[in-house]
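Have a look at the model first, then read on.

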Amino acid sequence: MSTQPLMLAAVNRMDEDAFVASFGDIAEHSPWVAKVAERARPYLDRTAMVTAFVEAVGAAERDAQLALLREHPDLAGRAAIAGELAPESRNEQAGAGLDRMSAAEYERFSRLNTAYRDRHGIPFILAVKGATKDQVLEAFEARLDNPADIEFATALTQVQRIIRFRLEDRVSA
């Protein structure tokens, strides 16, 4: 991931392989999202690019959506503790303070992660950019007992928000 945002004109000039290489990780370990979104080029603006990615997720078959959701790491989970998160996931979780928790807070997250996965079959997904760990915990507890279909839809919406935040960081307006 480059530190300087790409200009939209440069994004539109990329061949398909370069585009997927540059944006295949926007949707957690799911380069198919970039492959589908790439077909909507040239983008008139960054909003059109974000829309193409969001629509790629929304139009996918349920099995592909489920696989995408299951690729997301647990918040403050084992991957975070082991330092195995993708750079953007690590930065997003750190921004919410999830890398600076007490042992009791990690235990609480661990219990919630397990309960949520057991109940819904997917990890708890929340676009944590701009949130605090207390807000994350509140959302976790508020959503835990929701029906599975509501959580599936909510998780997809959160993935789409994550995609938007990541594209906004990578591509200049």
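1. Is the crossing of helix 4 and helix 10 left-handed or right-handed? Right-handed, where the near helix is turned clockwise from the far one by less than a right angle. Helices here are DSSP runs (H or I, at least four residues), numbered from the N terminus.

2. Before going on: this is a predicted model, with local features needing pLDDT of at least 70, side-chain atom pairs counted only at pLDDT 80 or more, and totals for chains, interfaces and linings using all residues. Residues are numbered from 1 along each chain as its sequence is written, and side-chain values use heavy atoms, leaving out hydrogens and water.

3. The axes of helix 4 and helix 10 (residues 148-170) come within 10 Å and cross at roughly 150°. That makes the two helices roughly antiparallel (an angle over 145 degrees). From helix 4, residues including M49, F53 and V57 meet a set in helix 10 that includes L156, I163 and L167 (contact: heavy atoms within 4.5 Å).

4. F53 also pairs with F23: the ring centres are 6.4 Å apart and the planes at 70°, so this is edge-to-face (centres within 6.5 Å, planes over 60 degrees apart). F23 sits in helix 2 (residues 16-23) and F53 in helix 4 (residues 46-59), so the pair ties together parts 30 residues apart in sequence. Both are buried (under 20% relative accessible area, 1.4 Å probe, protein chains only). Together with F19 and Y43, they form one aromatic cluster.

Key. Rings of Phe, Tyr and Trp (its six-membered ring) pair if their centres lie within 6.5 Å; planes under 30 degrees apart count as stacked, over 60 as edge-to-face and the rest as tilted. Buried means under 20% relative accessible area, exposed over 50%, partly exposed in between (1.4 Å probe, protein chains only). Axes are lines fitted to C-alpha atoms, for helices over the stretch in contact, and angles run from 0 to 180 degrees between N-to-C directions. Angles under 35 degrees count as roughly parallel, over 145 as roughly antiparallel, 65 to 115 as roughly perpendicular and the rest as oblique.
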